[in-house]
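Take a look at the chain below. This report goes through its domains, its sheets and the surroundings of its ligand.

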Amino acid sequence: MSPASPASPNAAGRRLSPLRGLLPFFRPYRGRVLLAALFLVLAAASTLAFPVALKALVDQGFIAADPGERLFALRGHFLALFGVGVALAVFSAARFYMVSWIGERVTADLRNAVYRHVLKQSPQFFESTQVGEVLSRLTTDTTLVQTLVGSSLSMGLRNTVMGLGALAMLIVTNPVVMAQVLGILVGVVLPAIWAGRKVRRLSRASQDRVADSSAIAAEVLGAIPVVQAHGQEAREASRFDDSTERAFGTAVKRSRLRAVLVAFIIAATFAALLWGLYQGTQAVVRGEITAGHLGQTIVYVIIFVGSVAVLAEVWGDLLRAAGASERLLELLHGVSPIQEPREAQALPARDPAGVALRLEGLRFAYPSRPDTLALDGFSLSVRSGETVALVGPSGAGKSTLFQLLLRFYEPQQGRIELDGVPIARLRLGELRSRIGLVPQDSTVFSTSALENIRYGRPDASEAEVLAAATAAQADGFLRALPEGYATYLGERGVRLSGGQRQRIAIARAILKNAPLLLLDEATSALDTESERAVQAALTEAMRGRTTLVIAHRLSTVQHADRIVVMEQGRIVDIGRHAELLGRCALYARLAAVQFDEAGAVG
Ligand SMILES: Nc1ncnc2c1ncn2[C@@H]1O[C@H](COP(=O)(O)OP(=O)(O)OP(=O)(O)O)[C@@H](O)[C@H]1O
């Protein structure tokens, strides 16, 4: 995925604009946001009330001449201070809970929305985006957003309210000090904004580097047997090292900048404080203000300058989160090249005697290789219930044909009709519900055998699953598993053999009961028993269905109604096994190499 173009460095609004894309995620929780804001203001007001209570303590707590009365007055003032503390505690806790809740909720929603959207992307998307990168965005970037929403934003708002409050109180109580503090503020804020701009650029770069290393790890861990068989552990480890080092390098640059910023802010805070204190003590000595007034002013200055310092930090977080949101929204708003039709057409009832599938003049090149035609003027009609075998050398375009039928890609020319309706006019769900797919390398998910077979039809009853498994010759080995159909398969459970995985896939297709079956026969040799079982399962799956099969076995081509011989995306010949052996040199050659061995086994 291409990195987003950097926004204009001068427009703060534009740099933060990706955050606006998050607003819809807050909308459902408007009530809670308002409540959080209310607690926030109340907590800030409690903090601001503290100096007032303090001044009262200092200036009025000692007035009474009688020691008993004085003690009584002091107790009253301390009680008021304690009351302010309790209010602060309660409102802060409520604010913390509400804000964290919103942060967690919004992040979870965002994560779900992005994942849901990515699931709908066509395979083309995954050609240019690595799975590890998507995972990194789903985890790291959403965590940055969560930090923003769940803590920085509330810190920012709280400190804005407190800062403004303290400023207002300073204007009322001590305008001269206020003017001086404002001067210092300008000195602090300007460099902070300048540094923030850099921080944001480095943040995006650092997140990109983290995504790079995730992408590498996801790919390598997914192919660990290959890596180990080639003895490439050390090289892969150093490739990952390089990538993490690059991420580290960018993160360090960002941290260095932030560290300088923090040092500057702390120094400026101290300067402001000491300056205020110095001015104040002078005023007390001159008798212009009381000691309580000085204490109050000092606390307000502390609050105010502290708020400004926190806001500078929050600004950095805001920019980091803007970078993360930008990356997330890129994923969320990516438009799949395969779109649902605007006005979907319904499929007519199947005509058992008609044409089930019509392919006309298909020309197609993969987007990543626009100059190489994977299909070049391919036309074919398949009658309902017919079994057509596709045969051809590697790279002939057989799998590509399946990809187009499933509408994973759009042909550049030509059309595909299912039961007389162009597939581009069908809703994707409707099209794919009509197609059963048995891929060459069947995927087994880490769930029970029962759920694995149910995958294409989650509402199927247990009896239906058992019937499909029996038809697919899978019932025997599934019952023999430690917990029968309830046994966990896949990564966390039992590993199945190639032939067994295929029979699960066949059972899945039988249960789905789609009228069009796309079969990609496994090229790897199975042992005799497995081979027979799989063959019997396939025969069962093909019964009464229109079938396109990428054939690697003699028995398949012998039983096919027609065999389509393909080469370089074109049809070379169409016929039956015996005819083709006699007249098609390419077929005769393929048959000699591909089918003899399989024939001997089967
Ligand atoms: N995702 C892809 N991106 C770019 N090119 C591709 C992609 N998939 C396949 N191709 C190319 O398209 C052509 C047809 O490939 P296809 O997989 O359809 O052949 P095939 O007949 O199924 O071969 P095999 O029997 O080896 O699976 C080949 O030149 C292949 O390199």
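## Starting point

One term comes first. Helices are DSSP runs of H or I with at least four residues, strands are runs of E with at least two, and both are numbered from the N terminus. The model shown here is predicted.

## Two domains

The protein chain is divided into two parts. Domain 1 covers 12-333, and domain 2 covers 355-434 + 519-527 + 552-602. Their C-alpha centres lie 59 Å apart. Four residues from domain 1 and four residues from domain 2 make the contact. On the side of domain 1 that touches domain 2, one residue is nonpolar, two are polar and one is charged.

## Annotated spans

An unreviewed UniProt entry carries the annotation "transmembrane region" for residues 33-58, 78-98, 161-194, 259-278 and 298-319. What does the chain look like over residues 33-58? The span is 100% helix and 0% strand, with its end C-alpha atoms 39 Å apart. Residues 78-98 are also 100% helix and 0% strand. Here the end C-alpha atoms are 30 Å apart.

Strands of a sheet pair through backbone hydrogen bonds, either parallel or antiparallel.

Strand β1 (residues 355-364) runs antiparallel to β2, and seven bridges join them. In one of these pairs, L357 has V382 in β2 as its bridge partner.

## The six-stranded sheet

A second open sheet has six strands in the order β6-β7-β8-β3-β9-β10. Its pairing is mixed. The edge strands, β6 (435-438) and β10, each pair on one side only. Neighbouring strands are turned by 20° against each other on average, direction ignored. Helix α11 packs on this sheet too, touching β3, β6, β7 (516-520), β8 (546-550) and β9. The direction of α11 makes about 150° with that of β7. Another helix, α16 (residues 498-512), lies across β6 and β7 and runs at about 175° to β6.

Now follow β9. Strand β3 (residues 387-391) and strand β9 (residues 562-567) run parallel, joined by four bridges. V391 pairs with V565 in β9. Five bridges link β9 to β10 (residues 570-575), this time in the antiparallel sense. V565 has D573 in β10 as its bridge partner, while I563 stands opposite G575. The hairpin of β9 and β10 has two residues between the strands, and Q568 takes a positive phi near 45° there.

## Around the ligand

Which residues come nearest to the ligand? Of the 14 residues around the ligand, they are Y366, A374, S394, S399 and T400. Helix α11 gives the largest share of the shell, three residues. By class, the shell has three nonpolar, eight polar and three charged residues.

## Helix α11 in summary

Methods. Residues numbered from 1 in each chain as written. Predicted model: local features only at pLDDT ≥ 70, side-chain atom pairs only at ≥ 80, totals over all residues. Pairing = 2+ DSSP bridges. Near = placed C-beta within 6 Å. Nonpolar A, V, L, I, M, F, W, Y, C, P; charged D, E, K, R; others polar. Domains from an automatic or database assignment. Contact = placed C-beta atoms within 7 Å. UniProt positions renumbered as here; feature names shortened; annotations may be inferred. Axes fitted to C-alpha atoms, helices over the stretch in contact; angles between N-to-C directions.
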